[in-house]
Amino acid sequence: MSPLKITARAAATGPVLELAGELDYANVAELHGALDSLALQPGQCLVLDMSGLEFCDSSGITALIAARSNAQAVRADVVLAAVPPNTLRVLRIVGLDQIFTIHPDSESATRP
Amino acid sequence: MDIASRNNVTVTGNAQGPTVVLAHGFGCDQNMWRLTVPALVDDYRVVLFDYVGSGRSDASAFSESRYASLDGYARDVVEVCEALDLRDAVFVGHSVSAMIGVLAAGLAPERIGALVMVAPSPRYIDDEGYRGGFSAEDIDELLASLEANYLGWSAAMAPVIMGNADRPELGDELRNSFCATDPDMARVFARTTFLSDSRDDLKRVTVPTLVLECTQDAIAPREVGAFVHQAIPGSTLVTLDATGHCPHLSAPEATNQAIVDFLASL
Amino acid sequence: MMCRADQQPDPQDADRAADAMFAALLEDSDEDLYENAPCGYLSTLMDGTIAKINGTLLDWLGLEREAVVGRKRFTDLLTIGGKLYHETHFAPLLRMQSEISGIALEMKQNDGARMPVLVSSVVKHGTTGQPLLIRTTVFDARDRRAYEEELLRRREAAEEARRQAEADRARLQEALAVLQQSLLPDSLPPVPGVQTATHYHTASPDRLGGDFYDVFALDGRRFGFFLGDVCGKGPQAAALTSLTRYTLRAAALHDPDPVSALTTLNTVLHERYAGSGDPRYCTAVYGTLDPDPATGQLAVHLAAGGHPPVIVLRADGTADFLPTPGGLLVGILPSARFTDAKTVLGPGDTLLLYTDGLTEARTGQGRADLYGDEALLAFVTAHAGRPPHAVVQALTGLLDSFGDGLDDDTALLAIGVPASDPQTRNER
């Protein structure tokens, strides 16, 4: 199993978090930590780039929901980009594909 | 259960000859017969074993309740005899094992045809009209000192303190590992041995019996040898000019000669 | 004159001083060294009779030389335990090796006290190799014994603490197991003309699981059922499970329609957890069973939120998902969409509900793959036509085969109509 790697960068639309490796119960706290340290501004859009994400369990799903509700609390938005098929399947099962805007890649997600 | 591996049974000697079973006493294992075996192997089939809890027996077979009485050890003997399907074997027991042999002969008369009792004692504690060589206080102190495990190689304390259950295997001729025993199981054996009173069992012995005693034995005094001899009908008493409780180690020639003479007379 | 060059140290004088010092040391005769050495010495005949003993050892033991030499044996100086050890180990080994060292024994002092000692012995041989006597040194081991006793006390204290910790842990696990059981029904109520079977796999006895299921009567005819999975683990998840179960049962009694029941649950959970900074939700399948005694058929109406689709196993040996696409996790949004589906179970048909512990189990080399929906469908198709308990039994075996690849709780609920073929029915 590969460890979770989170890389943050800034785009014109707001922060981008690139998630790589496996996101599960054991390491989800790292993602929560990264989300908490973002300080989203109203009107910004947080992009979660999942192109390197190999696995996402229900703890990861919970983190996505937390990210969304935290963003909405400051009138910001969260979108997902480059969701791998495995994770997309899980998102479909839990109905989150209808809640999150999903972009094919982070480039299209960060286009102003 | 595989009795042969449970009791670390060794069979050697002349497969055609009559069978002699050599049984170790408290605090030791079959190694203590190292000087006896060579005198027997030409003419006899020799069976050696370790009681469960001693030597290289299977420690997982140990049960505190079973071995809380000498009967538990006697059952080891009977089970070894059954596993090898022995008939009329000569049982040679040292110290407490001599009494275990008496009990085993009672349990399975068809298996044991004669007894050799080396430095036996049916009761270690003095009693009215009986001198066993130890006072009750002596035995209490003995058990307490075994409880604390303070005797033996000073290095042996290390695993006790560190709680290391893995004791080094007893190697063939490993220096200083002669008769290494697990202290917990040895404690049970000690309690069973030194608190037992098998005097009444002696008169039930019906097989030919040789009693071997030493002139100077710190564990079983001369009076005890005489008592055993008198209590067992038709037994033979031989007093060896030997010091200590282990004549088969301190005076092997004389001891072996006495055993071989007895075997030849059967 | 008195003060001349004598004030300069004469090298010859220094030599003389050293000589005087050595001379003083030489006063320490062999005899004195033996008698008053800082350890005990004794020599015995081969039978143990003491022939020579030094003052140090006599002092330690409080004995007079006349009472010992030629009158006592070495074993007479030992405690009863020491004597036994000497007879069974020390003496035989000494005879075998001609030397033995570092043996812990206890000696008797005249006042009745016991003195722990370390003993070493060598056998001295004559010119023809015959053993002549035994030389023994005895070291005072009282300090060492005290140190060992202290170590032993510490170890016993540590073991006691460990036992206590283990007992605490066992008590906690017992409490957790009771709590876990309280989240699941002891047994399912009998449903006329219907067989049910369940299984709950607990991934870790330390972490309260969050899967749940139930079957209960709605009215004289119909029954409600549900199965789901709350997010997270531990006491908070257990509290959420409890809230979910009772809400669903109450909602179903009020309005048995599956979408309505899940909508009520969604409102309650969102109300309870939104804005708590700790979003909590669950996945659930809820449905109703409506048996038709005339036809023996069972009408199933269900809805799902955020949950993998249930599977219908048919008597003819086929199986397929009963899709409920788009049903959202329950509790994350103030209003959520749930999708319903209907089917009718005939004799020999079985409805299978499961949580994602099953499909998310890790398989393959290095546990890199997930078991997945397709594999599950293929597996249960092989058991289509069999009664619920047989299907659940097969799946239990499958779960066991995952070993440590199964790291989540898993709940199974199978609901079926007995086959009309009496032989199949007897399988129960």
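What follows starts with the conventions and then moves through the chains.

This is a predicted model, in which local features need pLDDT of at least 70, side-chain atom pairs count only at pLDDT 80 or more, and totals for chains, interfaces and linings use all residues. Residues are numbered from 1 along each chain as its sequence is written, while chains are lettered from A and ligands numbered from 1 in the order in which they are written.

Chain A has four helices and five strands (DSSP runs numbered from the N terminus: H or I of at least four residues for helices, E of at least two for strands). Along the sequence they follow the pattern β-β-α-β-α-β-α-β-α. Of the 112 residues in chain A, 43% are buried (20 or more other C-beta atoms, placed from the backbone, within 10 Å of a residue's own).

In chain C, look for an open sheet of five strands in the order 6-17-14-11-12, with antiparallel pairing (two strands pair if DSSP finds at least two bridges between them). Strand 6 (195-201) and strand 12 (319-322) of chain C each have a single partner strand, so one side of each lacks a neighbour in the sheet. Strand 11 (residues 310-313) and strand 14 (residues 350-354) of chain C pair over three bridges, and Leu313(C) has Thr350(C) as its bridge partner in strand 14 of chain C.

Finally, the contact between chains B and C takes 29 residues from chain B and 29 residues from chain C (residues are in contact if their C-beta atoms, placed from the backbone, lie within 7 Å). Helix 5 of chain B gives the largest share of the side of chain B that touches chain C, five residues.

Key. Two residues are in contact if their C-beta atoms, placed from the backbone, lie within 7 Å. A residue is buried if 20 or more other C-beta atoms lie within 10 Å of its own, exposed if 12 or fewer, and partly exposed in between; C-beta atoms are placed from the backbone.
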